[in-house]
Amino acid sequence: MLTVENLTISFRTDEGRVTPVQGVGFSVAEGRTLGIVGESGSGKSVSTKALMRLLPGNAEIAREARMRYTAKSGEEIAIESLKPNARALRHLRGGEIGMIFQEPMASFSPVYTIGNQIMETIRLHRGLKGRAGRDLAVDMLDKVGISNPDARVDQYPHELSGGMRQRAMIALALSAGPRLLIADEPTTALDVTIQAQVLDLMRGLQRDLGMGMIFITHDLGVIAHVADDVAVMYLGTIVETGTAREVLKSPAHPYTRGLIKAIPRADRLDARLEAVPGDIPSPSARPAGCPFHPRCAEAIAGLCDRETPPEVTLGVGRRVRCHLHGTRAVA
Amino acid sequence: MIPDKSPLLEIRDLEVSFDLGKRGFFSGRRKQLKAVDGVTFDIRRGETVGLVGESGSGKTTVGRAILRVISPSGGQVLLHGEGAPLDLVPLGPKALRPLRPRMSLVFQDPYSSLNPRMTVRDIIAEPLVVAGLMRDRESIDARVRAIAARCKLDLEHLRRFPHAFSGGQRQRICIARALVAGPDFVVCDESVSALDVSIQAEIINLLKDLQEETGTSFLFIAHDLNVVARISHRVAVIYVGRFAEYAPTESLFFHPRHPYTHALLSAVPEPDPDLPFRPERLQGEIPNPADAPPGCRFHTRCPFARPRCALDVPVWRELASDHFVACHYAEEFDFRRSREPAGTTPAKEREIP
């Protein structure tokens with residue numbers, strides 16, 4: 001339902017051009033969840049914001065980028081060529097593609113009630129006004145597990161706890177009836193017990209509604225339990241894709257391997273953690289060649305620091321960008 | 001280093017209250033919020049104690065009360081040293097001053113905790129200067145360089161300003177600053193939570209190494225259980241201002257006795273799709289400490305709660321050697337978690353008669 005190819009995004013800044021996303025491609029199928037994992041500066045949020053055309057004014061999407069979305073009507077929309085103020089774009093945001101952010105307090109207006117904000121969405125995208133709109137809003141709040149929705153609908157965001165707010169945020173996004181839901185670190189700000197509740201809820205809703213979902217997170221533990229497919233990003237490029245099992249069980253890229261090893265797990269208490277050496281470079285000082293080579297223990301001198309590794313296909317939907325696989329394939 | 005058994009800090013019935021202002025116009029009573037309510041535990045020399053809890057549970061307040069950044073409203077904080085232990089609670093700012101170099105704090109956000117107008121060298125040297133431990137420039141410089149090298153900072157960087165550094169490097173600067181005066185005790189308040197996973201591992205390893213070299217005791221406050229497990233000798237679990245459980249890391253993680261600890265552990269998703277993810281279903285969210293439930297504070301969310309739990313406050317007791325718990329029915333639960341395969345195997349609950 002969504003295919004992204006060659007997505008390159010750059011920002012004009014006072015210090016020159018910065019390109020936080022370079023040649024990214026992924027796709028999402030109906031009813032499946034694509035998990036995008038990456039650390040800070042990997043470009044995971046920027047690339048999904050481009051899908052909603054929510055990037056700030058100094059951002060530029062490269063001309064060769066293709067973002068194709070198949071709408072509910074079956075019509076194919078070229079997201080990259082929509083005019084910024086087009087009706088189609090307004091319909092796309094929310095109506096076709098819903099979005100949930102990390103900080104629900106920042107996504108709700110503090111001066112309107114939760115119900116007001118959900119009803120506005122319902123009016124715009126479903127054309128339901130008055131009583132009917134309110135009933136649907138209460139219904140949505142009920143669906144996301146908010147107790148006593150009749151009363152909650154008239155409360156302001158600050159009256160709700162963190163977990164409740166995130167549920168209300170999900171209700172808001174779903175009330176427009178999107179086919180694709182983008183969730184950007186939706187549980188990062190929540191406590192583990194609440195995170196477990198929200199993850200459970202999201203998986204359940206997705207199953208019931210048959211939505212496609214893009215789930216952005218830095219937490220591989222969360223990925224293991226929500227994602228069908230995974231794309232690992234590092235400094236603006238996707239270094240590895242595959243099913244969640246393939247990527248987590250047999251990671252092909254040294255970065256993914258390092259990331260998995262660096263996660264503290266409770267089962268081996270005495271073993272020392274294996275850190276990925278070095279720091280994440282800033283996107284404005286991206287290393288030449290493979291962006292990971294300065295931190296990579298397996299880097300091949302003269303190759304990894306010079307040439308950008310090509311994307312190597314290892315299987316169906318299983319791709320990696322690493323010279324180690326390239327050289328193996330040639331030899 | 002295996003911490004020896006002698007305590008560095010003994011915390012007895014620690015209480016911290018915050019004033020919420022008058023309840024109503026005519027009521028003369030002021031409403032109080034007890035953020036920490038009767039916490040008792042000890043921290044040994046050279047030991048790292050982990051403190052975990054959800055947001056609003058009072059974990060930061062415990063750390064700050066021990067450091068006397070804030071004033072406890074009750075209890076004792078006994079600091080052992082040469083001679084008789086010293087209770088920090090009744091001490092005023094002046095009396096605390098000479099003790100300050102013995103204790104320090106590493107914050108969560110390495111971006112907001114470094115003064116952008118000071119060079120890294122001056123930032124690290126500040127505790128020495130403030131405490132008046134050293135006066136001449138040469139010896140301060142020598143000390144700063146020594147601690148910076150231990151924290152794996154490039155000595156060339158000491159002349160630079162903090163803005164030039166990444167999150168991981170900044171956190172190393174914060175750690176160097178905390179350790180420069182050679183403290184006995186350091187509170188790390190969510191000190192690795194803001195860092196990326198690949199950087200976080202390095203900081204955890206660094207803290208472990210530094211402890212081995214210096215024998216400093218740490219109170220490591222975090223919400224991430226797996227991080228705490230990796231760094232702590234013993235772990236305490238706090239829930240709405242009271243400790244639920246305190247035990248050596250192994251026992252707490254593999255044989256928790258409190259239903260809340262069990263629920264917390266089961267809610268951590270492990271990065272392995274083959275492991276079943278079956279978090280214990282907890283009802284609702286952590287209660288507001290200003291309106292804490294009576295009896296056991298966890299009874300409103302506890303899947304095993306019985307009538308008594310709503311009435312009696314459970315006693316903080318030593319269930320097994322070194323394993324403290326506050327639950328009326330702790331003996332009846334068997335939340336043993338298996339080690340292989342790793343992670344969250346569902347706990348078996350014994351029949352409750």
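Among contacts in chain A (C-beta atoms, placed from the backbone, within 7 Å) between residues at least 6 apart in sequence, 62% join residues at least 24 apart. The model is a predicted one, in which local features need pLDDT of at least 70 and side-chain atom pairs count only at pLDDT 80 or more, while totals for chains, interfaces and linings use all residues. Residues are numbered from 1 along each chain as its sequence is written, with chains lettered from A and ligands numbered from 1 in the order in which they are written.

Chain A contains 12 helices and 13 strands; these are DSSP runs numbered from the N terminus, helices being H or I of at least four residues and strands E of at least two. Its radius of gyration, 21 Å, is close to the 20 Å given by the globule rule for 331 residues, so chain A is as compact as a globular protein of that length. Here the radius is taken over C-alpha atoms, and the rule is 2.2 Å times the number of residues to the power 0.38. Along the principal axes, the C-alpha atoms of chain A fill a box of roughly 70 × 50 × 40 Å. Of the 331 residues in chain A, 48% are buried, that is, they have 20 or more other C-beta atoms within 10 Å of their own, with 12 or fewer for exposed residues and partly exposed ones in between, the C-beta atoms being placed from the backbone.

A closer look can begin with helix α4 of chain A. This helix covers residues 114-126, 13 residues in all, and reaches 18 Å from its first C-alpha to its last, close to the expected 18 Å (1.5 Å times one less than the number of residues). Among the buried residues of α4(A) are A:Ile114, A:Gln117 and A:Ile118, and their cover includes α2 (87-96), α5 (130-143), α6 and α7 of chain A. After α4(A) comes A:Gly127, with a positive phi near 70 degrees.

A:Pro157 sits in the loop between α6 (149-152) and α7 (162-175) of chain A. A:Pro157 counts as buried because it has 21 C-beta neighbours inside 10 Å. Beyond its neighbours within four places in sequence, A:Pro157 contacts A:Met105, A:Phe108, A:Pro110, A:Ile114 and A:Arg165. The C-alpha atoms of A:Pro157 and A:Thr113 are 6.7 Å apart, although 44 residues separate the two along the chain.

Turning to the partner chain, 36 residues of chain A are in contact with 38 residues of chain B. On the side of chain A that touches chain B, α8 (192-209), α9 (220-226), α10 (244-249) and α11 (254-262) of chain A each supply at least two residues.

Note on methods:
Two residues are in contact if their C-beta atoms, placed from the backbone, lie within 7 Å.
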